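Please walk me through this structure in plain paragraphs.

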Amino acid sequence: MFLKEEKQKIIEYEGNSLVVANPGTGKTTLLAYKYANLIKKGIKPEQILCLTFTEKAKKEMESKIHKVVKEQNISFDVSKLNVFTFHSYALDNIEESEKLSTNLLRYTIFRYIKDKQIMNYSDEYLIDKSVPKIENSIRYLKSFGITPDKIDIAKAKGSLKEEEKHTKSEMEKFTDDFIGIFTHYETTKDKGIDYADMLLKFIELRKNEVFDYVLIDELQDVNGMEADIAIRSCRNFFAVGDKKQAIFGFQGGSLLNFEKFQNSEKFILSENFRSTNEILNYAKIYFISKTKNSEHKEELKNLCNAEGKSGSKPVICEVSKGNMYAAACELVRSLNEGGPNGKTAIITRTNSRIIHFARELDERGINFSSTFLSASNDAKKHIINFLKGVLSSDVRDVKKAMFTPFFPCTLQEAFNISSEKSIGIENICEKIPAFRELREKIKTVEDVNLLFKERIIPVCLIYGRDYFSAGISMQHAYQEAISVLEDKSLESFVTYLQSAGLLPEDSDVEKGLILTTVHKAKGREFDNVIYIPSKTKNNDDFVDNVVKGLLKSKGIDVEEELEEENLRIDFVAFTRAKNKLFILAYLLADIVRKQKKRSIQKITG
């Protein structure tokens with residue numbers, strides 16, 4: 001492959017390099033060519049470290065490096081290729097410990113809230129809403145290297161922001177409770193480490209290996225600890241990223257980390273290999289007209305398609321609020337009228353929007369695949385209810401289990417039996433011998449694993465990808481519970497499974513139409529994009545305000561990071577499109593009506 005002058009100049013530079021990679025400019029390819037260039041210059045492969053974020057990105061980088069090295073007939077020992085995710089690199093350097101998923105954190109939060117009677121909500125609300133919120137907040141704090149022992153409680157309380165819904169004393173009380181939950185979790189996980197601990201333990205090392213070159217991908221998504229790990233592991237760095245595409249701040253990614261890489265020569269990649277010039281011009285003008293950052297304007301000045309590719313201008317469709325889903329479906333139909341038109345993505349801001357679109361598409365008989373497994377939560381509840389029915393001595397649990405797809409009876413039998421008020425478990429076993437057989441088989445821990453293997457997982461496969469993903473997640477959670485729980489009662493197991501998260505899964509099998517969020521679409525491209533750019537509501541609550549107070553007490557102001565986040569999200573969505581871009585916006589009349597309604601509500605209280 002022939003490299004254009006823009007990239008050739010970048011890879012030839014020998015010192016520290018900071019590359020601003022505009023969307024679609026081939027940053028992974030650039031990293032691969034930089035690697036090959038270093039090998040040709042005599043740098044040994046064992047002296048080059050490549051860092052990225054996900055296993056998928058790691059495999060892509062390895063594949064690109066192999067391809068470029070082969071193209072250029074470079075001979076080197078493949079076994080000495082060092083491509084790691086940040087977490088796997090950290091884990092490779094610290095003492096081996098058992099890796100814990102977020103399930104233990106969720107379980108610990110739930111038990112602490114219940115035992116200390118911190119919140120007066122139902123168990124279902126706690127598990128579905130409060131626990132995930134607090135879990136994300138603790139992980140977010142740890143991404144900044146903040147642990148309970150590093151918190152000055154008095155200073156944190158002094159940094160709390162006044163809010164309408166809660167008094168200062170209520171906020172201070174929850175700050176104590178939040179730190180109590182955080183501290184309890186840190187002392188509970190004596191049997192292993194979580195993902196943030198991997199980075200923290202690496203930072204605590206007195207010495208670590210230093211490489212001649214460290215190549216860093218997606219710098220805009222790096223958190224503070226990851227940036228420090230990269231800096232202290234290199235003599236020279238080659239960092240690639242783009243502040244304008246920073247949309248993972250909620251995971252700890254910080255724009256401030258670019259400052260740690262300022263001791264470098266700055267380059268800008270402007271030649272795009274994905275989108276038409278019409279799409280790029282629209283995205284460029286849109287961003288420049290709204291950003292306050294002069295650097296961003298300069299970076300976008302020369303953005304264009306490398307081959308002069310042109311096409312139709314982006315189309316902005318104004319639709320009423322009630323017609324949004326129908327309008328998107330009609331656009332999909334019109335795109336397919338002339339025959340196959342490549343892959344089309346409907347891109348939204350939230351998973352809840354995906355669910356609405358999925359229903360509309362189903363009703364219209366339009367095939368699609370989705371990055372959000374909407375049925376997984378139902379599957380999770382069915383699996384837990386089934387396990388309770390098999391293991392419990394309470395007939396009410398057995399009756400609930402009968403209405404899951406795993407129970408060995410027909411739906412009619414379930415209705416008939418559950419309607420008998422005085423029926424006991426032994427009576428149910430007499431009526432359904434297969435259920436008796438299931439219960440009698442469960443005598444050991446391994447028997448439950450076999451139940452997953454022989455019954456739950458095969459049934460999940462029949463019900464599709466969502467159920468299968470939930471089945472695998474629940475089996476992992478069960479195995480983890482066996483390892484970490486001291487109280488191995490049925491109640492504790494059930495609570496642990498209820499608190500457990502579902503494993504993320506990227507399917508390799510996709511239809512011609514994909515439903516996805518902007519965050520899931522990052523790093524991907526589609527022939528046609530239908531984007532719904534509605535702003536998400538500000539759902540900050542007392543948990544968010546406590547977290548912001550804790551960060552502020554450490555000199556970290558996240559408000560600055562979030563200032564242009566909506567603009568960056570829109571920019572990422574626009575630039576996923578290769579050929580056609582459609583933007584569905586609410587009618588101005590609907591927006592004015594909504595603003596008037598809010599004003600009236602504010603006045604009337």
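At 68% relative accessibility, Gln 117 counts as exposed, where exposed means over 50% relative accessible area, buried under 20% and partly exposed in between, computed with a 1.4 Å probe on protein chains only. The model is predicted, so local features need pLDDT of at least 70 and side-chain atom pairs count only at pLDDT 80 or more, while totals for chains, interfaces and linings use all residues. Residues are numbered from 1 along each chain as its sequence is written, and side-chain values use heavy atoms, with hydrogens and water left out.

Gln 117 sits in the loop between helix H5 (103–116) and helix H6 (123–143). Helices (H or I, at least four residues) and strands (E, at least two) are DSSP runs, numbered from the N terminus. The phi of Gln 117 is near 50 degrees, a positive value in a residue other than glycine. Most residues other than glycine have a negative phi. Glu 218, also not a glycine, has a positive phi of about 55 degrees. Glu 218 is found in the loop between E4 and H10, and with a relative accessible area of 15% Glu 218 is buried.

Strand E4 belongs to an open sheet of six strands, in the order E3-E2-E4-E5-E1-E6 and with parallel pairing. Two strands pair if DSSP finds at least two bridges between them. Strand E3 (82–85) and strand E6 (265–269) are at the edges with a single partner strand each, so one side of each has no neighbour in the sheet. From one strand to the next, the twist averages 20 degrees. Strands of a sheet pair through backbone hydrogen bonds, either parallel or antiparallel.

The pairings can be followed strand by strand. Strand E2 (residues 48–52) runs parallel to strand E4 (residues 211–216), and four bridges join them; Ile 48 stands opposite Tyr 213 in E4. E4 in turn pairs with E5 in the parallel sense over five bridges, and the bridge partner of Leu 215 in E5 is Phe 238. Between E4 and E5 the chain passes through helix H10 (residues 224–232), a β-α-β crossover that is right-handed. Right-handed here means that, with the strands pointing away from the viewer, the path from the first strand over the helix to the second runs clockwise.

Strand E5 (residues 234–241) has six of its eight residues buried, so E5 is largely enclosed by the rest of the structure. Strand E1 (residues 17–21) runs parallel to E5 and is joined to E5 by four bridges. Leu 18 has Ala 239 in E5 as its bridge partner. Ala 21 is also in strand E1, and at 3% relative accessibility Ala 21 counts as buried. Leaving aside neighbours within four places in sequence, Ala 21 is in contact (heavy atoms within 4.5 Å) with Lys 27, Val 240, Gly 241, Asp 242, Gln 245 and Leu 269.

Helix H4 (residues 86–93) lies across E2, E3 and E4 and runs at about 105 degrees to E3. For such values, axes are lines fitted to C-alpha atoms, for helices over the stretch in contact, and angles run from 0 to 180 degrees between N-to-C directions.

A further open sheet has six strands in the order E9-E14-E13-E10-E12-E11, and its pairing is parallel. Its edges are strand E9 (315–319) and strand E11 (369–370), each with a single partner strand, so one side of each is left without a neighbour in the sheet. Strand E10 (residues 344–348) and strand E13 (residues 526–531) pair in the parallel sense over four bridges, and Ala 345 has Val 529 in E13 as its bridge partner. Helix H11 (residues 277–290) packs on this sheet, touching E9 and strand E14 (577–586), and its direction makes about 45 degrees with that of E14. Helix H14 (residues 351–363) packs on the sheet as well, touching E10, E11, strand E12 (513–517) and E14, with its direction at about 160 degrees to that of E12.

Helix H8 (residues 168–188) and helix H24 (residues 542–552) pack at an angle of about 75 degrees, with their axes 10 Å apart. That makes H8 roughly perpendicular to H24, a term for angles of 65 to 115 degrees; under 35 counts as roughly parallel, over 145 as roughly antiparallel and the rest as oblique. The contact involves residues of both helices, including Phe 174 and Phe 178 of H8 and Val 546 and Leu 550 of H24.
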